[in-house]
Amino acid sequence: MIRNYIKIAFRNLWRHRSFSLINIIGLAVGMTAFLLILMYVSFELSYDKYHTNADQVYRLNVDIKSANDVLKFSSSSAPMGPAIKADFPEVLESARIFPYGMVVKVNNQLFQENRIYITEPSIFNVFTFPMIKGDPKTSLKDPYTVVLTETTARKYFGSADPMGKTLLLDGKTPVAVTGVVKDVPNNSQFKFDILYSVSSLEKQNPGRLEQWGDFDNFTFLLLSKEANAAQLQSKFPAFLKKHISESDRKGGEDYALYLKPLKDAYMDPRGGFEQGSMSNVYIFSIVALFILLIAAINFINLTTARATERAKEVGVRKVIGAARSQLTMQFLGESVILCLIAFVFAVLLVSLLLPMFNQLSGKIISENIFENGYVFASLFISLLIGIAAGAYPALALSGFKPVVVLKGRFNSSAKGALLRKGLVVFQFTISIILIVGTIIVYNQLNFMRNQPLGFEKNQMLKLDFGGDDGVIKSFEAIKNEFKEIPNVLAATVSHGIPGAGNANAHSEMENRQGAMQPLNINMYDVDYDFIPIYGMKVIAGRTFSKDFGTDSTKAIVINEATAKILGYASPNDAIGKKFSQWGRDGKIIGVVKDFHYRSLQQNVEPLNMRVNPSNVRLLTLKIASKDIPATIAAIENKWKVLIPNRPFNYSFVDENFNKQYSNEEHFGKLFMYFAVLAIFISCLGLLGLASYSTLQRTREIGIRKVLGASIPGIVNMLSKEFLQLVFIAALIAFPLAWYGMHTWLQDFAYKSSMAWWIFAIAGILAFMIAIVTVSFQAIRAALANPVKSLRSE
């Protein structure tokens with residue numbers, strides 16, 4: 001019996017090849033998109049869950065509360081971890097991580113390594129980083145020891161044994177290789193190449209690990225299985241009171257500690273090593289579900305639309321004794337077989353598209369579909385689709401009454417036609433929402449890229465010399481050397497630049513009431529040329545000048561946001577007011593117009609700049625727009641002469657700034673491609689329904705042509721019904737799209753407006769796509785010879 005079902009199923013699929021092909025393509029494309037999104041979502045949700053103790057590991061988050069604001073850190077201070085471990089028996093282990101960037105010299109080769117973690121042996125107890133060589137208990141115990149990842153060891157030493165070999169860090173510190181660990185999995189926020197012993201930091205800078213006020217490391221705690229994280233967290237206020245005196249609190253600041261589960265840290269809005277977006281996960285999950293629904297709707301629509309063609313077959317089978325359950329099984333079997341065929345094509349498509357998908361997402365989500373059980377999941381999903389999507393058509397077809405059918409009185413029911421129309425409306429509602437979403441995402445990205453930032457970002461070349469002592473001692477002479485190169489217009493040094501991070505300093509500044517107001521303020525250490533070269537607009541007071549001897553020791557320039565938080569109605573009111581910051585006391589000499597030194601996702605926060613050439617690490621060169629390759633080549637040659645112990649690595653400030661939007665760019669590209677797939681699947685369904693509708697009305701079209709109907713009139717008659725459905729879909733989609741994208745835009749402090757033209761374009765695109773899809777069949781039917789359709793009448 002089953003063999004007979006299969007034979008009949010394949011025979012029917014072959015007899016109606018065009019409809020079968022539309023169904024298979026739609027389901028295959030739908031399942032492909034669904035599987036790719038499933039892989040992406042499961043990858044994003046799997047971050048750091050591979051660690052053996054993942055359920056027991058927590059990151060220590062810190063809030064610093066002052067009179068006017070609260071700073072939320074995912075980092076903490078160095079003494080906190082060991083002190084918590086000592087005070088609370090439920091804490092089994094603590095591990096501190098200081099992210100660093102250094103130049104590594106190996107056999108006279110220089111490598112700029114920006115993924116170095118200064119840490120301690122306990123990192124191997126807290127996390128699962130399997131060691132290939134060395135002892136996890138002792139490999140980072142001694143000062144000046146490092147552990148390399150497998151790839152890094154191969155990069156430095158090839159196939160040779162790296163154990164005991166020596167590296168030179170920043171041109172001055174020899175360190176010994178004491179271990180090699182396996183490469184960190186892709187679904188980890190801990191992307192390091194080198195682990196460097198924290199005892200080296202203490203050796204180089206005694207007392208460095210005892211500073212409670214410097215929040216520059218990440219602390220992770222391993223709790224016992226019986227421990228309650230909430231109860232432990234409730235004990236932290238007393239812990240802080242015990243360890244941090246009033247004098248350590250810097251101007252009355254209040255600290256609060258929180259525990260963040262490791263498994264949730266990647267999605268934490270506070271950030272960290274790497275930050276994911278739960279809203280993106282939700283959005284893509286919904287898109288995946290919608291695409292799968294659209295594909296299933298196509299199947300239901302086309303199968304029920306063809307019900308009249310199989311009505312006589314059902315009638316004959318029932319007359320000769322076929323039970324309804326047998327007919328249901330047959331039709332369900334056909335549905336499942338079709339889905340399994342689509343599944344095979346989906347697996348092939350995913351295998352082909354996976355490398356490109358990894359590139360689009362900016363991550364290596366998976367090497368192939370056959371790992372992590374994706375194939376079995378997709379097989380189960382295809383069977384589920386086959387049963388779920390085939391259930392309604394199977395029950396509807398098997399329920400035909402043989403007497404009515406065999407007398408030729410059977411017609412498609414009004415309910416069936418209404419259902420098909422409703423499903424088409426649903427498909428195009430989703431498609432229009434995705435079109436609107438795609439336009440708004442790209443509109444927001446363009447808005448962020450092209451928004452005036454308040455500083456000069458074009459033709460600005462950033463070079464990182466890593467705070468090299470030799471450069472710092474003679475930075476003016478080195479700047480002059482670079483300025484001698486043709487097309488190099490200006491040069492400045494600083495510790496940070498817009499889009500590339502900044503320090504944060506506890507400060508006190510005189511407010512409108514005359515009191516010294518505590519602030520945790522963002523800060524740039526700069527030279528005298530920084531503000532004019534970056535084109536920042538001074539709106540009150542003046543910028544730094546060598547004509548004033550105290551500018552390098554007793555002066556700062558603030559931004560508008562700082563003046564506002566101090567309560568000054570006018571920036572001019574802040575000039576001459578007192579400040580105290582990191583051992584430097586003086587007066588505010590200038591106010592610059594607010595500029596975006598971080599992503600436009602964030603508001604412009606208070607910031608000050610001070611002249612401090614002893615703490616700089618970046619060289620910025622302003623270059624002419626002509627002959628850029630030759631200018632960069634000349635700069636590189638000069639660099640090798642002036643700074644031979646640092647590799648020449650450069651980037652343009654505008655490109656560097658826009659890298660902050662890389663996650664949004666990847667999101668936008670993926671969203672666009674999945675929107676195109678959803679629209680394509682919807683069009684396939686519309687094409688199938690239009691084809692069937694045209695087929696059903698072939699004789700009517702023939703009669704109309706004989707009676708003098710024009711081709712445009714017939715095309716209009718056949719297209720009008722479907723275009724009305726698209727219009728209804730647009731009316732439903734627009735408010736839903738507005739609400740969804742309005743919610744998405746709330747993550748941005750500065751956002752583009754959702755103008756009416758976005759919705760107009762989306763509606764016009766949907767109509768054009770529908771017209772092209774339907775008209776293809778309508779014109780073909782209108783051009784057909786009426787004699788062929790009427791000769792049997």
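View 1. Gln427 touches Ile294, Ile297, Asn298, Asn301 and Ser682, leaving out residues up to four places away in sequence; contact here means heavy atoms within 4.5 Å. Gln427 is part of helix 15, which spans residues 414-450. Helices (H or I, at least four residues) and strands (E, at least two) are DSSP runs, numbered from the N terminus. With a relative accessibility of 1%, Gln427 counts as buried. Buried means under 20% relative accessible area, exposed over 50%, and partly exposed in between (1.4 Å probe, protein chains only). The model is predicted: local features need pLDDT of at least 70, side-chain atom pairs count only at pLDDT 80 or more, and totals for chains, interfaces and linings use all residues. Residues are numbered from 1 along each chain as its sequence is written, and side-chain values use heavy atoms, with hydrogens and water left out.

**View 2. Thr145 in strand 6.** Strand 6 covers residues 145-149 and contains Thr145. The relative accessible area of Thr145 is 7%, so Thr145 is buried. Its contacts, not counting residues up to four places away in sequence, are Ser139, Leu140, Ala176, Thr178, Leu195, Tyr196, Ser197 and Ser200. Thr145 and Val175 are 30 residues apart along the chain, and their C-alpha atoms are separated by 5.2 Å.

**View 3. Helix 3 against helix 8.** Two packed helices are described by the angle between their axes and the distance between the axes. Helix 3 (residues 80-87) packs with helix 8 (residues 236-243) at about 115°, the axes being 12 Å apart. Axes are lines fitted to C-alpha atoms, for helices over the stretch in contact, and angles run from 0 to 180 degrees between N-to-C directions. Helix 3 and helix 8 are therefore roughly perpendicular. Angles under 35 degrees count as roughly parallel, over 145 as roughly antiparallel, 65 to 115 as roughly perpendicular and the rest as oblique. The crossing of helix 3 and helix 8 is right-handed. A crossing is right-handed if the near helix is turned clockwise from the far one by less than a right angle, and left-handed if anticlockwise. From helix 3, Met80, Ala83, Ile84 and Asp87 meet Phe236, Phe239, Leu240, Lys242 and His243 of helix 8. Sorted by class, this contact of helix 3 with helix 8 has six nonpolar, one polar and two charged residues. Ala, Val, Leu, Ile, Met, Phe, Trp, Tyr, Cys and Pro count as nonpolar, Asp, Glu, Lys and Arg as charged, and the others, Gly among them, as polar.

**View 4. Helix 17 against helix 20.** Helix 17 (residues 475-483) and helix 20 (residues 628-642) have axes that come within 10 Å and cross at roughly 150°. That makes helix 17 roughly antiparallel to helix 20. The contact involves Ile478, Glu481 and Phe482 of helix 17, together with Ile635, Lys638, Trp639 and Leu642 of helix 20. By class, the contact of helix 17 with helix 20 has five nonpolar, no polar and two charged residues.

**View 5. The largest nonpolar core.** The largest nonpolar core has 118 residues, and Phe530 and Met609 are among those with the most contacts inside it. Helix 2 (residues 17-45) gives the most to this core, with 16 residues. A nonpolar core is a set of buried Ala, Val, Leu, Ile, Met, Phe, Trp, Tyr and Cys residues joined through side-chain atoms within 4.5 Å. Phe530 touches residues including Thr492, Pro498, Tyr524, Met536 and Met609, not counting residues up to four places away in sequence.
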